[in-house]
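This report describes how the parts of one protein model are arranged. Look at the sequence and the structure first, then read on.

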Protein chains: 2
Amino acid sequence: MRAPTADKPAAATVQSANENLSSQPDLRDNYEYKDHTADIQIHSWGQTLEEAFEGAAIGMFNYMVPLEGVTVDDSLEKLYEVSAHDMESLLFAFLDELLFVFSTEYFLCRDIRIQSFDRDSWTIKCLGRGENYDRSKHEQGTEVKAITYSAMQIHEGKDGAEIFVIVDI
Amino acid sequence: MRAPTADKPAAATVQSANENLSSQPDLRDNYEYKDHTADIQIHSWGQTLEEAFEGAAIGMFNYMVPLEGVTVDDSLEKLYEVSAHDMESLLFAFLDELLFVFSTEYFLCRDIRIQSFDRDSWTIKCLGRGENYDRSKHEQGTEVKAITYSAMQIHEGKDGAEIFVIVDI
């Protein structure tokens, strides 16, 4: 971890303000930056919880690859099925599965329709439509690295539903 | 918070995989992104703790404005003095003061020399040399919003010193 300090200044010596006034001091190189951590909160809503879930998923894809540039390839539609043990873990599993399939098969959903949302078995079945990610065709957004439970909120009421989910980027 | 869903799909209706196969589905707009939070860890080192402190400070400035493009204006050198109550708070106060002066007076340090590092009174006096930030001249990096105590590490040994400090960006 301790890198050589090729450009090391004589910091142990107190340097007078009057020294080297006319010269530009060498730039230091005794520092580095470690990967930064970042997250973004996706807020989605709808008249039903299904719509809010779909919105969160589409929001996630759109953050990674702007969906205006993604088309639906009818030969590639994908069925997803995820199960969990409560509402929060179902949202997590839903987004996590979509992200996993994107990471491994490069399948980008431009549209997602939840076909079944079972609150007894906490299972979602949904259909994703889109196309495979193509570096030469698609604009690149910001990679979503992981879904989190941090400050997750799922609200459902007579006015509709909304979701807040934070994802690591 | 609940925005209108002008582009709302009929999610409540289970949509067959065979519907609309040839058409591009409308893009949803039932989601939005909330400000993301991010941080970066600065790691610096030196033969002395003073050097490591200076490196962390220069690393902070270089993250905000690449210092290759910053010159020393001899008429603008600045003396800083900060006090704290232990080593960690001294590092915090040191970086915080440099950041505060940059935020209020736009003074960018290209070089920083610690002139006195007093471990009895936990006081640092240092000289910063550089110039005022000029939007038309300087490349813009990423704003450092705040110093943090998060996972702060200050190590000092016979092989030298090193610092890890996380700043919010």
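The model is a predicted one. In chain A, the order of elements from the N terminus on is β-α-β-α-β-β-β-β-β. That gives chain A 2 helices and 7 strands.

Chain A has 169 residues, and 49% of them count as buried. Its accessible surface is about 8,000 Å², with 46% of that belonging to carbon and sulfur atoms. Among the contacts in chain A between residues at least 6 apart in sequence, 68% join residues at least 24 apart.

| Strand | Partner strand | Bridges |
|---|---|---|
| Strand 1 of chain A (residues 31-46) | Strand 1 of chain B (residues 31-46) | 11 bridges |
| Strand 1 of chain A | Strand 7 of chain A (residues 160-168) | 8 bridges |
| Strand 3 of chain B | Strand 4 of chain B (residues 123-132) | 10 bridges |

Single residues show how these pairings line up. A:K34 stands opposite B:Q41 in strand 1 of chain B. A:G46 has A:A161 opposite, in strand 7 of chain A. In chain B, B:F117 has B:I124 of strand 4 as its bridge partner.

Chain B also contains an open sheet of 3 strands, in the order 2-4-3 and with antiparallel pairing. Strand 2 (78-83) and strand 3 (107-118) of chain B each have a single partner strand and stand at the edges, so one side of each has no neighbour in the sheet. From one strand to the next, the twist averages 25 degrees. Helix 1 of chain B packs on this sheet and touches strand 3 and strand 4 of chain B; the direction of the helix makes about 160 degrees with that of strand 3.

Helix 1 of chain B covers residues 49-64, which is 16 residues. From first C-alpha to last it reaches 23 Å, close to the 22 Å expected at 1.5 Å a residue. The helix is mostly covered, with 15 of its 16 residues buried.

In soluble globular proteins, nonpolar side chains tend to be buried together. The largest nonpolar core of this model has 94 residues. Which residues have the most contacts inside it? They are A:F53, A:F94, B:F53 and B:F94. Apart from neighbours within four places in sequence, A:F94 is in contact with several residues, including A:F53, A:V82, A:I112 and A:C126.

Notes
Residues numbered from 1 in each chain as written. Chains lettered and ligands numbered in written order. Predicted model: local features only at pLDDT ≥ 70, side-chain atom pairs only at ≥ 80, totals over all residues. Heavy atoms only, no water. Core = buried A, V, L, I, M, F, W, Y, C linked by side-chain atoms within 4.5 Å. Buried < 20%, exposed > 50% of the residue type's maximum accessible area, 1.4 Å probe, protein only. Contact = heavy atoms within 4.5 Å. Helix = DSSP H or I, 4+ residues; strand = E, 2+ residues; numbered from the N terminus. Expected span 1.5 Å × (residues − 1). Pairing = 2+ DSSP bridges. Axes fitted to C-alpha atoms, helices over the stretch in contact; angles between N-to-C directions. Areas by Shrake-Rupley, 256 points an atom, 1.4 Å probe, with all protein chains shown as cover.
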